[in-house]
Amino acid sequence: MRFARLLVIAIGLTALPQAGQAQDVAQAQALLDRNDPAGAMQIAEPLCRRANEAACDVVEKAILTPGRPGYDAARFVRIMSAACVEPDGARMCGHAALVASGSSDLATDYTDWGSVNGPGRRGCAQGDLFSCYSMSQLLANTASPYRNLASSIPFSRAACEGDVIYACFHLMSAVQELPEPALGTYADEYLLSFDRACRLGETRACSEVPRARLMQERAGRFGAATAMHMLVVDNGLAEGNWGGSVMYALEDARTASVVDYTVGRLADAGRMADIRQQDLPVIVRMLGNTSAARAARSEMDRRARQYAQGNSRSNSSSWPSSTSSSSRSSTYTPPPRQQTCTESYTGGGSGVNGRGSRIVRCN
């Protein structure tokens, strides 16, 4: 019985500070209601620095309400950053980082990039979405002096998964702007960014979802670099650049899987005639006995027959039909003209990462 009474007393003593804090917060709120933000801050600020959420709400209303006397975004960031290091301060981390990154609707005229990293990184590690998004801003926003696209991806992904649509935009931009083969390396993030943005109502993102899903499948099957090469081939074929796409596969990708894929696409489309003569034996040697290699071999045979038939007609027409002619006229038939190819580059829109695509035209 005595032990039980001591336990009850201990519980009561533990609850006293919380009850006292609640009374203090109520007093601070009353002062704020009487248009005394300075008096409210004297009571609320120390409590907020100890991660008392109710007190921090009073602090926010006292010094982060636009137009109110005593508005001070920098002071708000300092107070919330102090609360952030407390065991229960994850929510305050997010508030500090969000305001410092210029992302708060309550402080549109304020940015302090140098104050984002500490609370942003700590809060995101504790699952606070505001903190994750603030780090996304810090590392992906073009205005940030700390911009680092590769480092931004984990934070943007965490916030995008939490349905913060602007983080999805940061994620898709980072993957597109990073050097190749970023689209393949971050294929999961690329698909997530467009798929989640589409689901959140950004209809313009929906059209990219199938291609992003194809990139994810290819990256998992062939690797990031090969998946990127296949995307470039797809872009070239979509523009009708059949022969140039084969040249890209042979000279830039230089992998059997990309060459096989490209030649297979031409074979299915009935465009084998667009392949340069000198590329056909290379394709056959590289691919062995795949269906694409057989298509290349068949094209070589077709051209050989065409050449032979052309020579036969030329030789027969070079001799007079009359046996009484006293002389023979010889005519020279030049060999079939080799294709000549020129290279050019687009200005930007159709290429991967906005850098343009090589266009090779042969005639």
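This is a predicted model: local features need pLDDT of at least 70, side-chain atom pairs count only at pLDDT 80 or more; totals for chains, interfaces and linings use all residues.

Is serine 152 buried or exposed? Its relative accessibility is 0%, and residues under 20% are classed as buried, so serine 152 counts as buried.

Next, display the surroundings of serine 152. Leaving aside residues up to four places away in sequence, serine 152 touches Leu139, Ala140 and Ala174. Then select cysteine 132, which is 20 residues from serine 152 along the chain; the C-alpha atoms of the two are separated by 9.6 Å.

Now extend the selection to residues 149-161, which form helix H8, the helix that contains serine 152. H8 has 13 residues, and from its first C-alpha to its last it reaches 18 Å, close to the expected 18 Å. Centre the view on phenylalanine 155, where H8 has a kink of about 30°.

Colour the buried residues of H8: Leu149, Ser152, Ile153, Phe155, Ser156, Ala159 and Cys160. Against which helices do they pack? Show H6 (117-125), H7 (129-140), H9 (165-177) and H11 (187-199), for the buried residues of H8 pack against these helices. After H8, select aspartate 163, whose phi is positive, near 70°.

Finally, move to the largest nonpolar core, which has 70 residues; Val59 and Val99 touch the most other members. Select valine 99: beyond residues up to four places away in sequence, valine 99 touches Leu64, Ala73, Phe76, Val77, Ser104, Ala107 and Tyr110.

Notes. Residues are numbered from 1 along each chain as its sequence is written. Side-chain values use heavy atoms; hydrogens and water are left out. Helices (H or I, at least four residues) and strands (E, at least two) are DSSP runs, numbered from the N terminus. Buried means under 20% relative accessible area, exposed over 50%, partly exposed in between (1.4 Å probe, protein chains only). Contact means heavy atoms within 4.5 Å. A nonpolar core is a set of buried Ala, Val, Leu, Ile, Met, Phe, Trp, Tyr and Cys residues joined through side-chain atoms within 4.5 Å. The expected span of a helix is 1.5 Å times one less than its number of residues. The bend at a residue is the angle between axes fitted to the seven residues ending there and the seven starting there.
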